[in-house]
Amino acid sequence: QVQLVESGGGLVQAGGSLRLSCAASGRTFSNYCMGWFRQTPGKERELVATISRSGSTTYYPDSVKGRATISRDNAKNTVYLQVDSLKAEDTAVYFCAADFTVGRDRVTYNRDEYAYWGQGTQVTVSS
């Protein structure tokens with residue numbers, strides 16, 4: 001079992017930046033690919049960024065490419081998401097998630113493959 005706790009959400013002005021953190025506990029953090037997702041009411045949870053176990057591989061969808069940076073500190077059992085040039089459409093609840101990928105240093109695109117999820121943190125971008 002992996003426990004994930006997000007922090008860092010809040011109200012941010014358009015054009016600003018935010019940095020979310022997700023602290024993991026319960027299992028060996030470096031055995032997991034980590035992802036950040038977001039969800040708004042009535043919409044499916046969408047991938048924002050994903051990072052492999054070692055941190056050597058990352059992936060961003062076009063919606064945030066060039067504005068988002070995912071990183072991880074395996075010594076601190078924490079994954080981060082930095083988003084710059086925030087837009088109103090970035091408003092959502094942001095979730096971190098973990099996919100057990102020991103032996104494979106890869107990213108995970110499909111949300112259904114993530115077994116563990118945090119409770120989410122609200123990000124509101126004001127225009």
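I took contact to mean heavy atoms within 4.5 Å. This is a predicted model, in which local features need pLDDT of at least 70 and side-chain atom pairs count only at pLDDT 80 or more, while totals for chains, interfaces and linings use all residues. Residues are numbered from 1 along each chain as its sequence is written, and side-chain values use heavy atoms, with hydrogens and water left out.

**Entry: Arg53**

I located Arg53 in the loop between strand E5 (46-51) and strand E6 (58-59); strands (E, at least two residues) are DSSP runs numbered from the N terminus. Leaving out residues up to four places away in sequence, I found that Arg53 touches, among others, Tyr32, Cys33, Arg72, Asn74 and Asp105.

Buried means under 20% relative accessible area, exposed over 50%, and partly exposed in between (1.4 Å probe, protein chains only).

**Entry: cysteines**

I searched for disulfides (cysteine sulfur atoms within 2.5 Å) and the structure holds one. It joins Cys22 to Cys96, with S to S at 1.9 Å. Cys22 belongs to strand E3 (residues 18-25) and Cys96 to strand E9 (residues 92-100), so I noted a link between distant parts of the chain, 74 residues apart. Both Cys22 and Cys96 are buried, and their link is right-handed, with 45 degrees about the S-S bond.

Cys33 is buried because its relative accessibility is 0%.

**Entry: rings**

I counted six aromatic pairs in the whole structure. Rings of Phe, Tyr and Trp (its six-membered ring) pair if their centres lie within 6.5 Å; planes under 30 degrees apart are stacked, over 60 edge-to-face, the rest tilted. Tyr59 and Tyr109 are edge-to-face, at 4.8 Å centre to centre and 85 degrees between the planes. Ring pairs also link Tyr32, Phe100 and Tyr116 into a cluster.

Last, I checked charges over rings (NZ of Lys or CZ of Arg within 6 Å of the ring centre and within 35 degrees of the ring normal). Arg19 has its charged end over Tyr80, 4.0 Å from the ring centre. Arg72 lies over the face of Phe29 at 4.4 Å from the ring centre.

Definitions and conventions:
Helix = DSSP H or I, 4+ residues; strand = E, 2+ residues; numbered from the N terminus.
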